[in-house]
Amino acid sequence: MDAIILQILNGLDKGSAYALIALGLTLIFGTLGVVNFAHGALFVIGAFCAVTLNRIFSVSFETIDPTKVDFLGNPATIKTTYLEHWFGVGPAAWMTDWSVPLAILLAIPVMLLVGVIMERGLIKHFYKRPHADQILVTFGLAIVLQEIIKFFYGANPIQTAPPDVFIGTMDLGVWLGFEANAIAYPYWRMVYFLFSTVIIGGVFAFLQFTTFGMVVRAGMADRETVGLLGIDIDKRFTITFAIAATVAGLAGVMYTPITPPTYDIGVELLVLSFVVVVVGGMGSLPGAVLAGFLLGIVESFASMNEVKNILPGIDQIIVYLMAIIVILVRPRGLMGRKGVMED
Amino acid sequence: MLGLEKKDFTLLLIVAVMVVLAPFVLNPFPEGTAMAQMFNAGYPDLMQRFAIFGILVIGFNILFGLTGYLSFGHAAFLGAGSYAAVWMFKLLGYDIIPAILLSIAVSGLFSLAVGYVSLRRSGIYFSILTLALAQMMFNMAYSVLGNPSSSYNLTNGETGLQVYNSDPQVLLSTTDPNFPHLFGLSMRSETHLLIGNWDFTLNAGYYLSGLFLLLAFYVSIRIFRSPFGLMLRAVKSNQQRLNYTGLNTRPYTLMAFVISGMYAGLAGGLLACMDPLAGAERMHWTASGEIVIMSILGGIGTLIGPILGAGFNEYFKNILSKINDSVLHEWLAFLPDGFEDVMVTLIHPFVGKGWHLTLGLLFMMVIIFLPGGLVEGGQRIGKLFHRKKANTPSDETPTE
């Protein structure tokens, strides 16, 4: 029993990342009808927002300490970060410690801007072009974005620590009445899961309960009619694209303590997110979230040693196998709507 | 001639001449000069890549160019072909005939399986499905089937599959060269032709690849001009209408998929023949993306485009990665000092290790402004000069 709970928990954090990226992909696909191959790159940009903030916090200047000399007799210098200079030592230490959550504040405007520029500057011109062209141009963009990040940050993974409070593991088993250490789960993964639930809930609430969201949903169902009613649907879709980019970026920000980001981390995640979207059903937002968590959990069950002993290597391919089975059995995916991508 | 129309035959002849003369044409600068080191492409390794990737992209073009189905998983078939060829080297010996035959067969089988599943959907779904299936094959090659300690180690994982002395190689005779060979002619054997300061290398492996390239090109022309090719074009222009007339298009698309998979297998087998090792990174989906890039650069749906695209991509990849800061300084030495440094700093991200960025940008530019690739570019330039001539529809008009 405890093993099962542990695997479900393990699947949740990966599932959260899949669900967040797939949610953004579906949002873009549902509104603009474009498959965004650059979505993985958006995740990476988000992750590197966290890295950047960490670096900004450690920018320092040197002052000469008149009271001390070093062993050569020169006056010693002290390095002070600007952060300490402006906010004092205590708050500065706190801010450095909490740099990853604080990076959310940096990532939101950055990602919104990136999203708007991408949609207005590039993708807008591809609505009338064939789907293949849309895929190809976003694929090219993904390469370019990745290489730009690689140029600035290098190719090695960059460690970014979560706040000290969340380092270590929580002993969930005790709470649920199991023995101690039966279910140990890192705090940060729990944070990530809760964070993603909040984001997913936020996106759904935004679409469901605001006028803006209502218009977007109406546009997803019938773009032309909404346009005929005198609503500037293009503008709303641009903002939707920016929101989707932000969701991917925030998923990246919070993911940095789990896996140190490299410039190409998005490439792998993107393929899995596509599989998630296909399994969930193209164009279905609840389907994307459901399939994200489902595949995350299935993957974590497949990587149990008991399973691997019977079917070696199943953990590497289970996600793709699921996708094949779903496509063969339910071609529209778990919650796909009729009429989406049927041609 | 050869069952081709006159125009197509001329095209084939041009390609044949290109293949034969490539070692000379690609070596325009005398040996030992700085220009030769930078721009000469007439060495066997690179020319083999031109020919082999040409084959690969010609095959890809039969699928994407004719039917419009964009596969993002073709590198997996290339990898499967390479593995099959290296296994033949390991089991039978270094004769390349069984290796190439098996690599085509294996890739054909794989593409049949992948095509059967993914051709159930079209458009974006198809692209994503091929992507997922190819990535699954990559994962299996990389980890599951590549674990050296397990009893089913087919791919040797991260190290890559290669031939060891302890391998059976049952057909190996003592007179054979210790390298892939055709009837005793090693793929590595080469003749140097010294003319003046020029050093031209005529390499057996290259000419074999070139021969296969010609064969592949010929078959592709025949497919383009056949009723089968016409059917594939019909699928591209309006599949729904074909379905409404009561025609089942799937056998045709599946056939096209398998043919292009076999082309990829042939290319993979040839890669293994030129250098008998195979690694999983050949199968990664970004490698598939590169195949797509090559075909778009050249011009999709045209006959000559794939060869141009593959050559262009490989050549510029090669040159761009060779340019470093000191070369840039040398080139820009005519500029005033401060300005020179600024220019070098500006260009620096795009060359050397950053060649990926340049090719990515170039690829985007081509997609945005020149969807027909190099061929369309050539046609536009041609039109500028021959505006007064009656515009006869050219041979390379993209199939729309």
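The tour goes from the whole model to chain A, the interface, and then chain B.

**Before selecting anything**

This is a predicted model, in which local features need pLDDT of at least 70 and side-chain atom pairs count only at pLDDT 80 or more, while totals for chains, interfaces and linings use all residues. Residues are numbered from 1 along each chain as its sequence is written, and chains are lettered from A and ligands numbered from 1 in the order in which they are written. For the complex, the predictor gives an ipTM of 0.84 and a pTM of 0.86.

**Chain A as a whole**

Select chain A. Its C-alpha trace spans about 80 × 55 × 35 Å along the principal axes. Chain A has 15 helices and 4 strands; these are DSSP runs, H or I over at least four residues for helices and E over at least two for strands, numbered from the N terminus. Of the 343 residues in chain A, 46% are buried. Here a residue is buried if 20 or more other C-beta atoms lie within 10 Å of its own, exposed if 12 or fewer, and partly exposed in between, with C-beta atoms placed from the backbone. Among contacts in chain A between residues at least 6 apart in sequence, 74% join residues at least 24 apart. A contact means that the C-beta atoms of two residues, placed from the backbone, lie within 7 Å.

**Helix α6 of chain A**

Next select residues 131-153 of chain A, which are α6(A). This helix has 23 residues and reaches 33 Å from its first C-alpha to its last, close to the 33 Å expected at 1.5 Å a residue; the expected span is 1.5 Å times one less than the number of residues. Because 17 of its 23 residues are buried, α6(A) is largely enclosed by the rest of the structure. Step just past the helix to G154(A), which takes a positive phi of about 80°.

**G336 of chain A**

Go on to G336(A), in the segment after α15 of chain A. Is G336(A) buried or exposed? It is buried, because 22 other C-beta atoms lie within 10 Å. Leaving aside neighbours within four places in sequence, G336(A) is in contact with G281(A), M282(A), G283(A), S284(A) and G287(A). Its C-alpha is 29 Å from that of G230(A), 106 residues away along the chain.

**The interface**

Now show both chains. In all, 32 residues of chain A are in contact with 38 residues of chain B. On the chain A side, α6 (131-153), α12 (265-280) and α15 (314-329) each supply at least two residues. The largest share, 14 residues, comes from α6(A). By class, this side has 25 nonpolar, 4 polar and 3 charged residues, where Ala, Val, Leu, Ile, Met, Phe, Trp, Tyr, Cys and Pro count as nonpolar, Asp, Glu, Lys and Arg as charged, and the others, Gly among them, as polar.

Select A132(B) from the other chain. Not counting residues up to four places away in sequence, A132(B) touches V271(A), F274(A), V275(A), Y320(A) and A323(A). The largest nonpolar core has 212 residues, and those that touch the most other members are L23(A), V275(A), A323(A), I55(B), L56(B), A132(B) and A267(B). Such a core is a set of buried Ala, Val, Leu, Ile, Met, Phe, Trp, Tyr and Cys residues joined through C-beta atoms within 7 Å.

L194(B) has D199(B) as its bridge partner. Between the strands are 2 residues, and in this hairpin G196(B) takes a positive phi near 60°. I195(B), in β4(B), counts as exposed because it has 9 C-beta neighbours inside 10 Å.

**Helix α15 of chain B**

Select residues 373-385 of chain B, helix α15, whose end C-alpha atoms are 19 Å apart, in agreement with the 18 Å its 13 residues should span. Its buried residues are G373(B), L374(B), V375(B) and E376(B). They pack against α10 (285-298), α11 (305-322) and α14 (355-369) of chain B.

**Confidence in chain B**

Chain B averages 84, and 96% of the residues score at least 70. Confidence is lowest in α2(B), at a mean of 74, and highest in α9 (residues 250-274), at 93. Over residues 390-400 of chain B, pLDDT stays under 50, and the model has 21 contacts beyond four places in sequence for them.

Key:
Two strands pair if DSSP finds at least two bridges between them. pLDDT is the predictor's confidence in each residue, from 0 to 100.
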